[in-house]
Amino acid sequence: MIIDDTLYDVVVIGSGAAGATLAAELAQAGRRVLLLERGERLPLVDQNVGDVELFRRPRYHPEQPWFGSDGDPFNPQMVYALGGNTKIWAAVLERLREAEFEGVAMQDGRSPAWGLHYGDLAPWYDRAEALYRVHGQAGEDPTAPPRAAAYPYGPRPMEPVLEQLHADLSRQGLRPYHLPLSWSESSADPIGDAELFGVERALAAVTPAAVRSGAVVEALHVDPSGREVKGVEARIAGDRWLFQGHQVVLAAGAVNTAAILLRSAGERHPSGLANDSDQVGRNLMKPQLTALLQRASSPNSGRYSPALGLTEYYWGDKNVDYALGSIRNGGGVLQDLLFAESPPLLSLVSRLLPDPALEWLADRSITWWAMTAVLPDPENRVTVRGERIDVAYIPNNREAHDRLVYRWLDTIQKTEADPATTVVQRAPIYPRGEAPLSVMGLACGTCRMGSDPASSVVNLEGRCHGLENLWIADASVFPSCPAVGPGLTVIANALRIAARLEAELA
Ligand SMILES: Cc1cc2nc3c(=O)[nH]c(=O)nc-3n(C[C@H](O)[C@H](O)[C@H](O)COP(=O)(O)OP(=O)(O)OC[C@H]3O[C@@H](n4cnc5c(N)ncnc54)[C@H](O)[C@@H]3O)c2cc1C
């Protein structure tokens with residue numbers, strides 16, 4: 001074992017939305033930060049794929065499979081890279097609504113309260129939006145929570161066909177809004193991400209962070225009292241390394257953070273570190289996602305970002321008073337990698353169609369995503385067997401999701417029937433498909449936060465119960481699953497934890 005003899009102020013594990021953001025804050029505050037990341041820099045050519053390649057190659061799937069409840073292996077759709085999943089995200093950065101922090105009526109029960117309130121995160125949301133250069137339009141989304149000021153940047157222009165659809169949907173009495181997007185100043189790489197707004201900032205700090213890519217953290221080691229992490233063990237290019245820090249932050253994403261804790265079982269913590277409550281790995285959540293294709297009347301570019309959101313059915317509809325979820329356009333077919341993962345819709349189509357036909361389909365369709373939250377279920381969980389990761393997962397709130405999909409189908413058909421609508425037209429079928437288990441990029445909840453050590457893994461500040469210097473900053477701490485992307489909340493919460501850590505180190 002090679003021992004790094006530097007004693008860092010903070011060792012951060014994982015350089016995604018949470019880890020890179022937090023590392024940058026602490027490095028900028030003058031702390032000695034070590035950022036350990038298992039992936040490497042993702043080449044630009046692999047980041048902005050906008051062609052049929054997306055469907056042809058097994059892109060964006062780490063080689064190591066995970067195993068589902070049936071014991072079958074699957075390759076999760078995600079990346080291990082500097083910047084984590086933000087390197088391939090759609091960069092739609094929305095706030096959770098106030099009520100989501102308090103608990104929401106859902107089809108299968110009530111979602112748990114966070115212990116935190118919207119007001120606790122609001123200033124961190126402001127800062128997160130500024131750091132990630134979020135472009136949006138305040139006041140349009142009828143369910144958006146209150147905000148202190150306008151978005152840092154005005155909304156991005158929409159593809160003309162979407163601009164027209166915005167007007168068409170508004171005529172139906174709906175309130176479509178410009179989706180808030182993280183957008184950089186780089187024309188070569190315009191979509192904002194945690195490499196740019198986290199890793200690069202950490203490297204440019206007065207005390208630049210030490211960034212080790214290709215470093216797979218395998219376990220954490222505690223002192224004899226069992227209350228303090230003394231070492232972080234990582235595999236780098238075939239060697240075993242040990243790193244030490246006053247504080248250690250896990251930010252390896254919802255599945256890998258839980259896996260690292262479970263693999264760190266030892267004499268003092270036989271069922272895994274921070275797992276006296278037996279909650280580590282449990283309550284895995286990921287939103288239900290269905291993609292739906294609408295026929296466009298004339299060709300469009302087929303390559304554009306998500307731009308249009310709708311939350312008319314966020315809290316329910318005329319028939320039910322439980323939450324159904326959100327709708328957004330999916331971006332161009334050849335630009336939105338979630339489509340490539342959504343059988344039987346396009347993954348099957350793409351295998352059968354020749355390239356020009358796939359291009360044709362992309363140019364003549366508008367894509368939509370319907371997203372419904374799930375409830376935490378302790379039986380939906382991550383477990384480990386040595387190197388192997390098992391993911392037991394059965395989604396709930398199924399009927400709510402079906403209702404959302406049918407409600408949206410009904411809405412777009414009404415829009416098409418309006419003689420003033422010209423950019424979309426009636427079609428005999430609306431191909432659709434639900435994202436399978438392998439779509440894990442929006443996962444959360446395996447190390448939930450709470451004030452009761454018997455039912456949660458970290459306290460409301462992000463510190464692991466029973467451990468003095470171990471923190472969790474990533475999506476795994478979410479007590480409930482939002483029906484909008486989790487990214488902005490992950491970033492805001494990481495900023496909040498960074499401020500708490502800075503106070504601890506001072
Ligand atoms: C295709 C796709 C589209 C998405 N679109 C959106 C969107 O539009 N809006 C939104 O809000 N969210 C979106 N998301 C979700 C968003 O990317 C995640 O919620 C967010 O990145 C989670 O942040 P995190 O810090 O928890 O984890 P991640 O960003 O996944 O970061 C975890 C990091 O830890 C590293 N790591 C893992 N294991 C180890 C280990 N053992 N040792 C060292 N390093 C390790 C990983 O390589 C990674 O860099 C999308 C995700 C995907 C995949």
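**Ground rules.** I worked from a predicted model, with local features needing pLDDT of at least 70, side-chain atom pairs counting only at pLDDT 80 or more, and totals for chains, interfaces and linings using all residues. Numbering runs from 1 along each chain as its sequence is written, and side-chain values use heavy atoms, without hydrogens and water.

**Helix pair.** I looked up α1 (residues 17-28) and α7 (residues 194-204). Helices are DSSP runs of H or I, at least four residues; strands are E, at least two. The two axes come within 7 Å and cross at roughly 30°. Axes are lines fitted to C-alpha atoms over the stretch in contact, with angles from 0 to 180 degrees between N-to-C directions. I noted a left-handed crossing of α1 and α7, meaning the near helix is turned anticlockwise from the far one by less than a right angle. The contact (heavy atoms within 4.5 Å) includes Ala-20 and Ala-24 of α1 and Gly-198 and Val-199 of α7.

**Ligand shell.** I found 37 residues around the ligand, each with a heavy atom within 4 Å of it. Ala-18, Glu-37, Val-92, Val-217 and Gly-487 come nearest. β11 (215-222) gives the most, with three residues. α1, α8 (254-263) and α12 (487-505) each supply at least two.

**Polar contacts.** I checked N or O pairs within 3.5 Å. A polar backbone atom of Gly-487 is 2.7 Å from a ligand oxygen. For Ala-91, a backbone N or O atom lies 3.2 Å from a ligand oxygen. For Pro-486, the distance from a polar backbone atom to a ligand oxygen is 3.5 Å.

Technical notes
A polar contact is a pair of N or O atoms within 3.5 Å; within protein, one must be able to donate a hydrogen and the other to accept it, and residues adjacent in sequence count only if both atoms are side-chain atoms.
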